[in-house]
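Welcome, and please have a look at the chain below.

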Amino acid sequence: MQFPQDMARLGSAARAIPCLGVLVILCITVLARDGAAQQARTSRSRAAPVEDLADVPPDLAGIHKCADAVVGFHMRDRWPVGTTSMTVDDGPSAVATARLLDLFKQYRIKATFFVIGARINRHSYQAIQRILREGHALGNHTYHHQYGTRGLPRLRDSVDYWKRELMATQILVDIALMARNGDDFDALYLHVLGVPTPRKVSTAWLHGHWDEIEARWRATLAERNGPVAPSMHWMRPPGGVPCLPVGTRFQVRSYVGALWELGMTQVLWNCGAHDATPQFPASLRRNPEWLRGNIVQCARRGGILVIHDYINLAGLRGALETLAGSGNIRFITLDQMMTLKYEPELEPDRELAGPRVGDATERVSPL
Ligand SMILES: [Zn+2]
């Protein structure tokens, strides 16, 4: 597979779903279901290379909810019982991500890691390499993990804000995949972003220096003849904002515009371990038995499960062990979940379905 180096082609079909036949059917189905504004956006993100399609932006003025215009997963979707997709937010980190990957390997689960650009550094960059090497997917969780677009007075500025938050994370992933060692990561970071590590790039810096940053990024990709980074077409907004009721119309419109321009697919969730839900006390969020119960309940219900990079590992391990014993729960990828949502008659194709958790054969040493 050829990996594009151009953000403008972020959502091309070759990366989204490997099977061209499924892809075409899926695209036709999506187009048929959703209105004209979404048609253009969907085509742009899934059907064919961007340059082959008419450039028809969505009518942002008419958009009030993400569900009106964003392709992907929303909380009110219908979810498949007993079929779950594992998603991990807020990484990467040097130690915790590695432990999660060990556990997923043990239980043969392919997850999607929604990474925060600002957390990719000389200590955590190898986690990005390992996520892809072991067959998991990368999703984009923005660079700063800020909720919304406060202080941006114009829609265009706000669209650009989201785009740069997303593209900056893609840049960090590219740097992580190019880096040969920690010093090389730091050198690439300084060269492309213009600031030394470990300094985090501010929103103001990104906006004030964007053209130079983007030019240096593209030049570096060309010089290094790579990298091998798949563009991250999955996107999850921090905290679900602006696609939850807390989002303002202004935020929704700017978000929709940015996703359309980048050809990205939104991924919310319908169930979680509650390892980071502020309504629960910290002691409960770390309680292995409570976490185990939450995860098991989510997996039995089916849908998209969210956990966080720093989840208590004993709770997660306990849940996977319980599910492995139950024998009828399976974890699938987000690509497969897209097929279930838009083309459910293709199920149950065992080629498409992931192994049941109980099919685990590969055991690794206790963590
Ligand atoms: Zn998050």
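**Backbone features and packing**

D90 has its place in strand β2. The model is a predicted one, so please read each value below as computed from predicted coordinates.

- D90 is a residue other than glycine, yet its phi is positive, near 80°.
- Is D90 buried or exposed? With 21 other C-beta atoms within 10 Å, D90 is buried, because 20 or more such atoms are enough for that class.
- R108 also has a positive phi without being glycine, with a value near 55°.
- R108 belongs to the loop between α4 and β3, the strand of residues 112-115.
- R108 has 17 C-beta neighbours inside 10 Å and counts as partly exposed, because that class lies between the limits of 12 or fewer for exposed and 20 or more for buried.

**Cis peptide bonds**

- G91 and P92 are joined by a cis peptide bond, with omega near 0°.
- P92 sits in the loop that runs between β2 (83-91) and α4 (96-106).
- Another cis peptide bond leads from V241 to P242, and its omega is near 15°.
- For P242, the location is the loop between β5 (234-235) and α10 (249-262).

**The nonpolar core**

- The largest nonpolar core contains 85 residues.
- Which residues have the most contacts inside this core? They are I175, A176, V256, L259 and L305.
- Helix α6, spanning residues 155-178, gives the most to this core, contributing 12 residues.
- Leaving aside residues up to four places away in sequence, L259 touches V70, M235, M264 and Q266.

**Helices α7 and α9**

- Two packed helices are described by the angle between their axes and by the distance between those axes.
- Helix α7 (residues 182-193) packs with helix α9 (residues 210-223) at an angle of about 135°, and the axes are 7 Å apart.
- The two helices, α7 and α9, are therefore oblique to each other, because an angle has to be over 145 degrees to count as roughly antiparallel and 65 to 115 to count as roughly perpendicular.
- Which residues of α7 and α9 meet? On the α7 side they are L188, H191, V192 and L193, and on the α9 side I213, R216, W217 and T220.
- Sorted by class, this contact of α7 with α9 has five nonpolar residues, two polar residues and one charged residue.

Notes:
Residues numbered from 1 in each chain as written. Predicted model: local features only at pLDDT ≥ 70, side-chain atom pairs only at ≥ 80, totals over all residues. Axes fitted to C-alpha atoms, helices over the stretch in contact; angles between N-to-C directions. Helix = DSSP H or I, 4+ residues; strand = E, 2+ residues; numbered from the N terminus. Parallel < 35°, antiparallel > 145°, perpendicular 65-115°, else oblique. Contact = placed C-beta atoms within 7 Å. Nonpolar A, V, L, I, M, F, W, Y, C, P; charged D, E, K, R; others polar. Core = buried A, V, L, I, M, F, W, Y, C linked by C-beta atoms within 7 Å.
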